[in-house]
Amino acid sequence: MLPTRRSLLTAFLAVPALPVCNRAAAQQPTLPLTPACRDDDDLTPALTAGPFYKPDAPLRHDLSGDAPDGERITIAGYVLDGICRPIARSLVEIWHADETGAYDTRGYRLRGHQVTDERGRWWFSTIIPALYPGRTRHYHFRVRRPGAPVLTTQLFFPNEPQNDGDRLYSPSLLLDLRDTEDGKFGRFDFVV
């Protein structure tokens with residue numbers, strides 16, 4: 001029997017704060033390190049916001065009600081600094097296409113933001129976006145830690161046939177995706 005998205009999110013939220021895991025740390029991390037989170041030179045790469053970004057997205061975790069016919073997914077992760085320390089109070093903003101491949105350009109459907117908790121965690125319940133001409137399946141994100149510039153990037157789905165044909169696709173921006181009983185669960189840690 002597969003776990004549910006809720007059980008995976010609950011387990012994610014129950015994990016204690018990540019330990020500081022710099023080169024001198026002897027302690028083993030509770031979670032596997034994001035490969036880019038080993039030194040200050042390997043931050044999450046930036047990508048274009050694209051033409052559909054809108055400022056002032058609402059504060060919310062659950063976007064799935066905006067597309068009741070879409071396939072459910074929960075995506076979650078941490079905002080970390082270059083030596084794997086979680087960053088509280090970071091802004092995490094998401095927007096993406098709906099189940100037909102269209103973006104809402106008039107309102108805030110499938111758009112939202114949140115602020116990371118004291119352990120640097122973020123999560124959204126949403127849907128898997130459809131493909132649209134010229135692009136593989138993806139989410140758009142803006143991430144800003146306090147006092148730092150905004151990172152604008154995109155996250156991609158593994159094993160998508162369209163990945164190689166998308167000029168913006170980067171394997172370093174793949175979600176760690178798992179099937180659950182009630183949808184998918186994706187994980188990605190932003191290193192900013």
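Predicted model: local features only at pLDDT ≥ 70, side-chain atom pairs only at ≥ 80, totals over all residues.
**View 1. Arg-89 sits in the loop between S1 and strand S2 (91–95).** Arg-89 isn't a glycine, yet its phi is positive, at about 60°. Most residues other than glycine have a negative phi. Is Arg-89 buried or exposed? With a relative accessible area of 61%, Arg-89 is exposed, because anything over 50% counts that way.

**View 2. Asp-56 is found in the loop between helix H1 (5–14) and S1.** Here's another residue other than glycine with a positive phi, this time near 70°. Asp-56 has 66% relative accessibility, so it counts as exposed.

**View 3. Strand S4 (residues 121–127) is largely enclosed by the rest of the structure, because seven of its seven residues are buried.** In a regular strand, side chains alternate between the two faces of the sheet. So which residues of S4 cover each side? Arg-121, Trp-123, Ser-125 and Ile-127 are on one side, while Trp-122, Phe-124 and Thr-126 are on the other. Both faces are covered, and all of these residues are buried.

**View 4. S4 pairs with strand S1 (residues 72–80) in the antiparallel sense.** Seven bridges link the two strands.

**View 5. Zooming back out, the chain has one helix and nine strands.** Of the chain's 192 residues, 51% count as buried. Take the contacts between residues at least 6 apart in sequence: 71% of them join residues at least 24 apart.

Technical notes
Residues numbered from 1 in each chain as written. Heavy atoms only, no water. Buried < 20%, exposed > 50% of the residue type's maximum accessible area, 1.4 Å probe, protein only. Helix = DSSP H or I, 4+ residues; strand = E, 2+ residues; numbered from the N terminus. Pairing = 2+ DSSP bridges. Contact = heavy atoms within 4.5 Å.
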